[in-house]
Amino acid sequence: MSKSLNELIREERFRSASDMKYEFTQMAAKSGPNVDDEYADAFIPKRSNAERDATRMKQDAVAAYKRRTFAESSCTTCLERVPKHLVISVGEKSFLSLPEHVSMVHGQCFITPYEHIGSLTRVDDCTLREIISFKRQLIQMFRQQLNRSSCVFMETATKPDSSRAHTQIECIPIPPDATESVSGYFRKALEEIGSEWDQNRRVIKLNRPGFGAYGAVPPKFPYFAVEFGLDGGGLARILDDGRDIPVYFGREVIADLLEKDTRFWRKPKLERFEQLRSKVVQFENWWEPFDEWSKRDPRSSVTGDSSGALKLSSPEGPELPPGLH
């Protein structure tokens, strides 16, 4: 017999929770012996989004740490893997070294931060101040030893946020008669990078002496930056694609300025040991009066003379291998 609408409403109004449980039990009994498995997960609390996010972040952090550790273990720019005879001066946050390949001009060198980091825009303030101090001392040295020459400081940061990248500042002295034209050479070369559809075609003018691209380019943006001494300003160009320029871009511009064969400096040849030793000894003799870090350098040894006075050992450069003395 069918029930009227009023009767159905009355039953629903006076229906209790026990009645609903009873109906649920009857329906579950009709489902067979596997009812427990069917409804078991209905009462298991789901993991919150916060727990899943925390687990994912932990996994990402572990993976990033492994990638960074592997990259640092094979990085030839880190101090631990730079040939010791090429390291000229060691500061607290950075070091000065010479290239293993043939130098374009006398005095070509590198300033490298200890930290395995992809660009100068990401270093801390202490590292930046020490790098500026290195630049200042190099300029004073070149002015005295190379007939008032200036110096160009270049940085190519194509992968600033990559764990495989370790930035270096390449320092190349230039003669006094080239200081006025070097800015024009680099501006023209930077304007020709990439294509006309690039979003960042503007050449940035660097006004803070010694800071390079620090503060002028966002930390994770790839770029090329060049400074003309500490008084001549500088230029930078943000790269839409880190592959827009090769690592030898700056050397090619300098070679063109100095009327040298640009092809030779794309991948310079390794220098013979005799010439390399002579280059190191010459640079150390130039650098010694300007070296502010020798007393803090753990490699520096202290020797005594016949009078008992202590003095720092003079730079000698790398020793010749057996049979070449």
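**Ground rules.** I am working with a predicted model, where local features need pLDDT of at least 70, side-chain atom pairs count only at pLDDT 80 or more, and totals for chains, interfaces and linings use all residues. Residues are numbered from 1 along each chain as its sequence is written, and side-chain values use heavy atoms, with hydrogens and water left out.

Entry 1: I looked up the largest pocket and found about 930 Å³ of space in it. My reminder on terms: on a 1 Å grid over the protein atoms alone, a pocket is an open set of points where a 1.4 Å probe fits, with protein on both sides within 12 Å along at least five of seven lines. Grid points are joined across faces, edges and corners, and the volume is the space filled by probe spheres set on the points.

Which residues lie nearest the centre of the largest pocket? I got Thr77, Phe110, His166, Gln168 and Val247, out of 32 residues in the lining (lining residues have an atom within 4 Å of a point). Strand S4 (150-157) and helix H7 (249-257) are the elements that give two or more residues to that lining. S4 gives the most, with 4 residues. I noted that helices (H or I, at least four residues) and strands (E, at least two) are DSSP runs, numbered from the N terminus.

By class, I have 14 nonpolar, 11 polar and 7 charged residues in the lining. Asp, Glu, Lys and Arg count as charged; Ala, Val, Leu, Ile, Met, Phe, Trp, Tyr, Cys and Pro as nonpolar; the others, Gly among them, as polar.

**Entry 2: strand S4.** I went back to S4 and saw that 7 of its 8 residues are buried (under 20% relative accessible area, with a 1.4 Å probe and protein chains only). Which strands does S4 pair with? It runs antiparallel to S5 (residues 169-174), with 5 bridges, and antiparallel to S7 (residues 223-228), over 6 bridges. Pairing here takes at least two DSSP bridges between two strands. I jotted down two partners: Phe153 with Cys171 in S5, and Glu155 opposite Ala225 in S7.

**Entry 3: two loop residues.** Asn147 has a phi near 55°, positive although the residue is not glycine. I placed Asn147 in the loop between helix H5 (125-145) and S4. Buried or exposed, I wondered about Asn147? Asn147 is exposed, at 62% relative accessible area (exposed means over 50%).

Glu259 also has a positive phi, near 60°, and sits in the loop between H7 and helix H8 (273-287). Glu259 is exposed too, at 74%.
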